[in-house]
Number of protein chains: 2
Amino acid sequence: MSTAPAYEPEPAPTARVAIAFTTDAGERRVRVPSGVTLFDAASWNGIAIDSTCGGHGTCRKCKVRVVDGEVPVSRLDPRAFDPDELRAGWRLACMAPAERDVEVEVPPLVTRPKAATVGVGRQVILRPAVQKRVVELAEPTLTDQLSDLERLLAALDDLEPRVDLHALRKLPGVLRSSDFRVTAVLVDDVLVDVEPGDTTGRAFGIAFDLGTTTVVATLLDLVTGTPVAVGSMLNRQQPFGADVITRISATMLDPDALARLTAAAQATLDELAGEVCADAGVERREVYEIALAGNATMTALALGIDPEPLGVAPFVPATRTLPELRAADLGVVVHPGARATVFPALGAYVGGDVVAGMLASGMDRDKRVRLFVDVGTNCEIVLSDGDRLLATAAPAGPAFEGAAIRCGMRAAPGAIEAVAIVDDDVVLQVIGDVAPAGLCGSGLVDAVAALVDAGFVDASGRLVDAVAVHGSQPGLARRLVTVDGERVFLLDEATGTYLSQRDIRELQFAKAAIATGWRLLVEEAGLHAADVQQVLLAGSFGSFLSPGAAVRIGLVPALPVLRIVSAGNVAGEGAKMALLSLRERAGAQRLVEEVRYVELSDRPDFNDRFIDELAFPSPE
Amino acid sequence: MSTAPAYEPEPAPTARVAIAFTTDAGERRVRVPSGVTLFDAASWNGIAIDSTCGGHGTCRKCKVRVVDGEVPVSRLDPRAFDPDELRAGWRLACMAPAERDVEVEVPPLVTRPKAATVGVGRQVILRPAVQKRVVELAEPTLTDQLSDLERLLAALDDLEPRVDLHALRKLPGVLRSSDFRVTAVLVDDVLVDVEPGDTTGRAFGIAFDLGTTTVVATLLDLVTGTPVAVGSMLNRQQPFGADVITRISATMLDPDALARLTAAAQATLDELAGEVCADAGVERREVYEIALAGNATMTALALGIDPEPLGVAPFVPATRTLPELRAADLGVVVHPGARATVFPALGAYVGGDVVAGMLASGMDRDKRVRLFVDVGTNCEIVLSDGDRLLATAAPAGPAFEGAAIRCGMRAAPGAIEAVAIVDDDVVLQVIGDVAPAGLCGSGLVDAVAALVDAGFVDASGRLVDAVAVHGSQPGLARRLVTVDGERVFLLDEATGTYLSQRDIRELQFAKAAIATGWRLLVEEAGLHAADVQQVLLAGSFGSFLSPGAAVRIGLVPALPVLRIVSAGNVAGEGAKMALLSLRERAGAQRLVEEVRYVELSDRPDFNDRFIDELAFPSPE
């Protein structure tokens, strides 16, 4: 007989919510942190909602209908809908926070936007590198023997493209099979194809977020700027090790490992490309460009560049800016002339994923003092004082990935993702609504924060004595037990899932590394922690952290939780922006030149500062 | 019992001679038209002789020793050699015409020239697109975390190269395995490789002359500017047809034929690349660039470009100027980053081979009125009046290739290559000193010229009646016989090899097409035939034509024979120049822009003029 609490748990304030979107393409179920707007939730997951203002509540085009579940009426909704509509569930998606599970109907797109909304509320004017032009040419005669290519280029006289051999090979046949009415396909300044007739309605790109663990691909319609399919899978490099260091080590131990790691990464990318194309009914040859954001090691491995110098001091990348590349260089089989744009890196430990994230979150376009924290094994931190940008990397270790944690696991079904202490009991939220099997990163932070708040973990990180708390909180106190000689706190009595004293130490170590990082950056900029006006929690892990818990354990500055923003998959969003806008792509390059990298590992005061940060903040 | 003349034939004035060159690399036997200098004979065949003046007799470096056979002492030899040396056979190669078979010793090269002699006496300052630079870089530290590529490029700060992925892949490993002392390899503005240590002494290129029949490859040492190996073979496209039209037709009849023709051309190029590298002990990866000159059809087929529009009115090429290409695009496996420079074409029937020939013969750099005639199935004609350049193409038909000629054959062993009438007999020169098996193009022209001269063919092209000539020339008259109902002239009574009345008509047709071409060009320039100061006979066939015979039948203007110059394989020479000098390469591009193409096929007076040209000129 189970001793599990026999109640329907109230959603914890830091939980995820499930949203079911119904579009004309069918139903999609997604999970996002509670409080994210319906508009962002859709955007992150590649579901297109009409909008021209970029989610700022001004265009009033992002109308959706909540058909099940509750979403409060925002101050702008009455201007967009009449009372009957409001009663029927109509809301502006950009103003509608998802605080509970909901089902939402998304009307078909009515506009072909000239702009797209991506990133953290970024509005991007559509100007992709991929361009199509229909041209109608005069047929050659004996008195007009201009070559086919010169004839075509004369009709594109505002451009002076370079020409791919592939396009030239097809040119004579395509011109003559289509009465000299063709569509020229350009990627940036390269003519990559000539297609018969008018194909301007079809042009696609794939944005890849190449993570060490998970790889996400978004297929974008480059004509409308909307995502049409999203896919994700585990990076096939997993068998070589969970983190970048083990993968770099693999290449140092085995001369064949680099080639195999490259093949594994490329197979992952190509499989996802096939998947998103199939999902959306798009042919691979209609994809003319791909964009990729990844950390420096993932990027190097995907391109077959020796990563060894990234892993040993002085931590030097082969290059910060990648040369002109083709999709084929990344093993992605799409259009044979398709180009690849790969995000530049700042350094070995602030990679293209972070640059993409900075772009997506507009780090260089906001006058506020903002802190960008991509939480992971290697934690990247960027500070903007509204003018200058400083970046650093902090080695947080594997705690957030669930490694080195006794009951740790990845954020998969069975993982405790949120923990709250309510009255004298523990409330868990488990992914997949199954029995808890372990603790993922956000659950770990939540659990420790809750125990610190309840007085069960003191400022030094020590689990208190059960006797001291038994009188006031007997339900909790009985969970303080010993497992294999180590003191633990039982999170789930039925399954025995627990948080151990050593787990708390691991988290202390990780959060101290991160806090040392942002504190030193803030000082470097001549500021104080209190000057920080917004914190963006980024990355597939950071986005799911509870802002309150992050503040409670001192992982981020003590801001009101509303100013701690889950930024979502900002690397993927940056990759999308690069496909949608040459201007934004240039912005990424500018970021690399503008951001100053601050190396922390050689600072003499680093260790002292680190030790200071190990403690948890006292309650206010 | 043979009835062949039992004499050692005197060399005919239009013969080829055999030269045996002995160098420190061994012996090479070559055959060239009589009268070509030893210097040119060596140069055409990839044998390096010291020279800094380009064969003009001023540097006196091209010293060779004639060890067997006779070469007259030139006016400059006494200034370069003492009497003992002259007696020992020492000559300046550039002043020494090979008029008989000779054996020549070539001393080892003593200078590394800054200039190379190529083409028709062209002196080319060495400035290849391939550049190597040794750089020694500071090793990175925690306070100098510049990326590997930025570190390298900073040391090449006069260049701003684009970077090949291949070079980037190797960079981290090569820098660290060679203590940061490396050689950067650039082709034009692309960094194609980074090699450990100092490899500046080794850089090679291959110049290809891609003929419809024969393909020639010359391996050039780009450091010294000297050819180090030459190879040639039949184009593997032969089974698809002997000329460009049959190969174009093949692609129109069979959708797979283009791919197979491309594969055949590329296999030919790659096999030759392997051969010349093996001959010279050069590794394929030391070849960083290739250059290719071919007619428009051969170029299109080698690149996989649909050639159909080249073969049907209005005769339009896919492009005149080729885009940036890699050696791999031509199927040539050399350095993985090797580039290919392919000669641009003027039009469908004045291809890259002619542009290369114009470059090699300096058509745009001479104040004289010059006519360039590349004799072949399609005959390309260029006229320079010292200022402007006009070009056209004349469809000469296959007579010169030996096709449509009763006893016709290619210039291979057994082919009669020269014919002279001496007293009342016929003197033949047969390739390979074997019994005559047929008549090649130069033999055909010689035979007809000799018979016109002897009064056996009248101005209208008719073989005269045997009775009319029997009295004065009985030995010749008895050769006028009938074969299969057709009147013929027996060239060799033993084997029955003959010239038929129809053969003469075929040649008349061909020479009339060519003569109409150059006459109309000369008129177009406001000149007369008598204004022409030099005729360059180009191409593998034209170079072996007897100038006297060409004048006699009216193929070229009636100039003194010394002003009718065998220009050798000018297409191949042009390809070499493109490898040796970026300036000359730019010159080829300029030629395409400067030369005006004159289309003859749509001129109303073309047919009348053509009929006028069918007759042979009257003896002067």
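Which side chains meet in a salt bridge at 2.9 Å, N to O, between chain A and chain B? In this predicted model, they are those of Glu150(A) and Arg320(B).

**Interface of chain A and chain B**

- Chain A brings 40 residues to the contact, and chain B brings 40 residues.
- About 3,200 Å² is buried between chain A and chain B, and carbon and sulfur atoms give 62% of that area.
- Of the area that chain A buries against chain B, 17% is supplied by Leu142(A), Gln145(A) and Arg169(A), more than by any other three residues.
- The rule also finds 14 residue pairs in polar contact across this interface, with both residues at pLDDT 80 or more.
- On the side of chain A that touches chain B, helix H4 (148–155), strand S9 (162–163) and H5 each supply at least two residues.
- H5(A) gives the most to that side, with 7 residues.
- By residue class, the side of chain A that touches chain B divides into 21 nonpolar, 9 polar and 10 charged residues.

**Salt bridges within chain A**

- Arg162(A) and Glu324(A) form a salt bridge whose closest N and O atoms are 2.9 Å apart.
- This pair links distant parts of the chain, 162 residues apart: Arg162(A) is in strand S9, and Glu324(A) is in the loop between H9 and S16.
- Arg162(A) counts as partly exposed because its relative accessibility is 31%, and Glu324(A) is likewise partly exposed, at 42%.
- A salt bridge at 2.9 Å, N to O, joins the side chains of Arg585(A) and Glu289(A).
- Here the partners are 296 residues apart, with Arg585(A) in helix H18 (residues 582–594) and Glu289(A) in strand S15 (residues 287–294).
- Both Arg585(A) and Glu289(A) are buried.
- In the salt bridge of Arg462(A) with Asp458(A), the closest N and O atoms are 3.7 Å apart.
- Arg462(A) is partly exposed, with a relative accessible area of 41%, and Asp458(A) is partly exposed at 24% relative accessibility.
- Through shared partners, salt bridges join Arg162(A), Asp164(A), Asp189(A), Glu324(A), Arg326(A) and Arg339(A) into one network.

**Aromatic pairs**

- The whole structure holds 10 aromatic pairs over all chains.
- One of them is the stacked pair of Phe81(A) and Trp90(A), at 6.2 Å centre to centre with 25° between the planes.
- Phe81(A) is buried at 6% relative accessibility, whereas Trp90(A) is partly exposed at 23%.
- Phe315(A) and Tyr349(A) pair edge-to-face, at 5.8 Å centre to centre with 75° between the planes.
- Phe315(A) lies in the loop between helix H9 (308–311) and strand S16 (325–326), and Tyr349(A) in the loop between strand S17 (339–342) and helix H10 (352–360), so the pair ties together parts that are 34 residues apart in sequence.
- Phe315(A) is partly exposed at 23% relative accessibility, while Tyr349(A) is buried at 18%.
- Phe509(A), Phe606(A) and Phe610(A) are linked into a cluster by ring pairs.

**Ser178(A)**

- Ser178(A) sits in the loop between helix H5 (165–177) and strand S10 (181–187) of chain A.
- With 14% relative accessibility, Ser178(A) falls under the 20% cut-off and therefore counts as buried.
- The side chain of Ser178(A) reaches the backbone oxygen of Val174(A) at 2.6 Å.
- Leaving aside residues up to four places away in sequence, Ser178(A) touches Pro196(A) and Gly197(A).

How values were computed: Residues numbered from 1 in each chain as written. Chains lettered and ligands numbered in written order. Predicted model: local features only at pLDDT ≥ 70, side-chain atom pairs only at ≥ 80, totals over all residues. Heavy atoms only, no water. Helix = DSSP H or I, 4+ residues; strand = E, 2+ residues; numbered from the N terminus. Buried < 20%, exposed > 50% of the residue type's maximum accessible area, 1.4 Å probe, protein only. Polar contact = N/O pair within 3.5 Å; in protein donor to acceptor, adjacent residues only side chain to side chain. Contact = heavy atoms within 4.5 Å. Phe/Tyr/Trp six-rings, centres within 6.5 Å; stacked < 30°, edge-to-face > 60°. Buried area = accessible area lost by both parts, 1.4 Å probe. Salt bridge = Lys/Arg side-chain N within 4 Å of Asp/Glu carboxyl O. Nonpolar A, V, L, I, M, F, W, Y, C, P; charged D, E, K, R; others polar.
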